[in-house]
Amino acid sequence: MTTPTSPSGHLTSDLIALDKGAIVAFAARFDPQPYHLDADAAEQSIFGGLCASGWHIAALATRLVSQTLLDNGIPFVEMTSVSHLTWSRPTFVNEKIGVRITLDASLADSPIAGTYSQTLEVDVRNDDGAVVATMTATAAIAADPTVVAAP
Amino acid sequence: MTALYLRERWFEDLPLGEFHVFGSHTFSELEIVEFAEAYDPRPELTNPEQALYSHRQGLVASPWLITAMWMRKMVDYMEVYAQGVNDGRRNGAGVAINDLQWLEPVRPGHTLTYTYEIIAKPDRVIREKWGLIRSRNEAFNQYRTKVMQFEIDILAERRPPNSDDPQQQ
């Protein structure tokens, strides 16, 4: 996975595709509401089409954040808080999403021993570049990277 | 008296302070591993042996599994509470969350109880027909320790001006 760092200091992830099977599989387990399960019902809903659960988007965005940080040598351990998350638009079948991460300069104590807290601004965009969600989150980062890589 | 179930009510009918216990869920090792494999595939979350050497010193649930299970418990609870009603139009989507914190690790065998309380009704009209219900949601483990909290704004349909529903304003 390539994660180029732009001149402005952002980290950008690869894209994850969301096909109908993935959307329905998550929704059937965690968010079984008609607009995430059934195309006809979804067309009549506020979303206007079958779309992913917002929690599915949040989980995948966090997966992309962890992969991107790890690929850039930042030993991500766990997300510990999300001070704000807005879902701006639905993610429909066969759209792709990726994240753009801005690392806040300020570091703080973490609730997990052996880690420090890193604030992250995360934009989740689809393959048209439209923002589908924004998130301000705090991640625990390993103070000693070798602990994560222990046997 | 006619029972008013949650989905039969309009935005105007939902009172501040309304409180629900959505129910409890016991997390198995298998579902913790399966969630991680699908949505957070790092070795310390998918491999219980490797998890022993992680910062958590053992397998823990991916944070979003803890939160996604809140959604499932809410949907299940509303299906029962709104029995017989199959009207997705008033069943609004979430638009934003605030102050989400994962406070304690959740390990295999832990049982979480999820609670919900309406704490605000922000004075906003969205797309001419929706209002916002702000709730505080918390999850407690078997030791009665709070392990997760967040606030969420969920759309609720406002009563149409010409509605012939009961409790006309």
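Reader: To begin, how many residues of chain A are in contact with chain B?

Author: In this predicted model, 37 residues of chain A are in contact with 26 residues of chain B.

Reader: Which elements of chain A give two or more residues to that side?

Author: They are α2 (34-37), α4 and β3 (76-87) of chain A. The largest share comes from β3(A), with 11 residues.

Reader: And what is that side of chain A like by class?

Author: The side of chain A that touches chain B has 22 nonpolar, 12 polar and three charged residues.

Reader: How do helix α4 of chain A and helix α4 of chain B cross?

Author: The axes of α4(A), residues 54-71, and α4(B), residues 63-81, come within 10 Å and cross at roughly 175°. Because an angle over 145 degrees counts as roughly antiparallel, α4(A) is roughly antiparallel to α4(B).

Reader: Which residues make the contact there?

Author: From α4(A) they are W55(A), A58(A), A59(A) and T62(A). From α4(B) they are W64(B), T67(B), A68(B) and M71(B). By class, this contact has six nonpolar, two polar and no charged residues.

Reader: Staying with α4(A), what span should its 18 residues have?

Author: At 1.5 Å a residue, α4(A) should span 26 Å, and its end C-alpha atoms are 26 Å apart, so the two agree.

Reader: How many of the 18 residues of α4(A) are buried?

Author: The number is 16, so α4(A) is largely enclosed by the rest of the structure.

Reader: What happens just after α4(A)?

Author: There G73(A) takes a positive phi of about 80°.

Reader: A change of topic: which residues are buried in helix α1 of chain A?

Author: In α1(A), residues 20-30, I23(A), F26(A), A27(A) and F30(A) are buried. They cover an arc of only 95° around the axis, which means that they lie on the same side of α1(A).

Reader: Finally, what helices and strands does chain B have?

Author: Chain B has four helices and five strands, and from the N terminus on its elements run β-α-α-α-α-β-β-β-β. Of its 169 residues, 33% count as buried.

Methods
Residues are numbered from 1 along each chain as its sequence is written. Chains are lettered from A and ligands numbered from 1 in the order in which they are written. This is a predicted model: local features need pLDDT of at least 70, side-chain atom pairs count only at pLDDT 80 or more; totals for chains, interfaces and linings use all residues. Axes are lines fitted to C-alpha atoms, for helices over the stretch in contact, and angles run from 0 to 180 degrees between N-to-C directions. Angles under 35 degrees count as roughly parallel, over 145 as roughly antiparallel, 65 to 115 as roughly perpendicular and the rest as oblique. Two residues are in contact if their C-beta atoms, placed from the backbone, lie within 7 Å. Ala, Val, Leu, Ile, Met, Phe, Trp, Tyr, Cys and Pro count as nonpolar, Asp, Glu, Lys and Arg as charged, and the others, Gly among them, as polar. The expected span of a helix is 1.5 Å times one less than its number of residues. A residue is buried if 20 or more other C-beta atoms lie within 10 Å of its own, exposed if 12 or fewer, and partly exposed in between; C-beta atoms are placed from the backbone. The arc is that of the directions from the helix axis to the C-beta atoms.
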